[in-house]
Amino acid sequence: MTENKTDNNRTGLSFEVFPPKKDEEFDNAYQIMQELGKLNPDFISCTYGAGGSRASKTIEIASYIQKELHLNSIAHITCVGFTRDMLQQNCDALKSAGINHVLALRGDRPQTMTDEQFNNREFYYAADLVHYLKEHTNLQIAGACYPEKHYEAPDFEEDLRHLKEKVDAGVSSLISQMFFDNNYFYHFLDKAKALGINVPVHAGIMPITTAKQLGTTVSLSGSSVPKELADLIATYGDDKEDMRKAGVDYAVRQIHDLKDHGVDGIHIYSMNRVKSTREICSMI
């Protein structure tokens, strides 16, 4: 599903979604999945909260995508708050739900996790999770990558070396963190290939449709903001609909350039927003 472009060499398309925080919102969530499914993505990935706090809901959504919509799904799985027993239980639940593809992540530290728990966790890095999954499951494994390096990495080169370890451990494709300047992504691809990282890489695109979203996104991802995008926020940020349209247009221009460069795939961080995602797909 994420292995490479199709025979006609087109650039793949995929979305990220998230399960709702409240159980009563699930009916609406299924409607969102149905609408996104009509856009015919190659796969849809589904997140969950820090420490696997919504792991069961992630499995429900991913299973719905797989079984009811007949689309490939990828369930996110993080290890920072998991013991081996907890992780195996989650893997067993994935298998029971018919899900065979995961995105292996270290994950964010849960707010309830003490320093002692964090410093003595059983899985330190995503590569540790990948090793476990390869040894104990038959899951297909995707991994994350960071065009501008992981915010905790001391430098870009060391981050790439850790990525190579993760790929060598069994990751068969990569999905990138969001970025807003394509030059960072092209530089990353060149350096990764030089290091022997040859798996497909899907470019993570986040449409910035509100001024507030940009501040939250950057603080979480560490992605840099080019002047063009900052100017766009300054011009349209106070008008909700104009800002949404401008953010969609910026994402579309990014995607056209990426397609022109022949990237393996475009992974849209949809934020469960059907209207903007549909508009982007209609223009690309």
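A: Let us start with Phe-26, which counts as buried at 6% relative accessibility; here buried means under 20% relative accessible area, exposed over 50% and partly exposed in between, with a 1.4 Å probe and protein chains only. Please keep in mind that this is a predicted model, where local features need pLDDT of at least 70, side-chain atom pairs count only at pLDDT 80 or more, and totals for chains, interfaces and linings use all residues. Residues are numbered from 1 along each chain as its sequence is written, and side-chain values use heavy atoms, leaving out hydrogens and water.

Phe-26 belongs to helix α1, residues 26-37. Helices (H or I, at least four residues) and strands (E, at least two) are DSSP runs, numbered from the N terminus. The twelve residues of α1 reach 16 Å from the first C-alpha to the last, close to the 16 Å expected at 1.5 Å a residue; that expected span is 1.5 Å times one less than the number of residues.

Now look at the rings. Rings of Phe, Tyr and Trp (its six-membered ring) pair if their centres lie within 6.5 Å; planes under 30 degrees apart count as stacked, over 60 as edge-to-face and the rest as tilted. A search of the whole structure finds six aromatic pairs. In one of them, the rings of Phe-26 and Tyr-30 have centres 5.8 Å apart and planes at 70°, so this pair is edge-to-face. Phe-26 and Tyr-30 are four residues apart in α1, which separates them by about one helical turn. An α-helix has 3.6 residues a turn, so residues three or four places apart point the same way. Ring pairs also bring in Tyr-64, linking Phe-26, Tyr-30 and Tyr-64 into a cluster.

Stepping back, the chain has eleven helices and eight strands. Its radius of gyration is 18 Å, close to the 19 Å that the globule rule gives for 284 residues, so the chain is as compact as a globular protein of that length. That radius is taken over C-alpha atoms, and the rule is 2.2 Å times the number of residues to the power 0.38. Of the 284 residues, 53% count as buried, a group that includes Phe-26.
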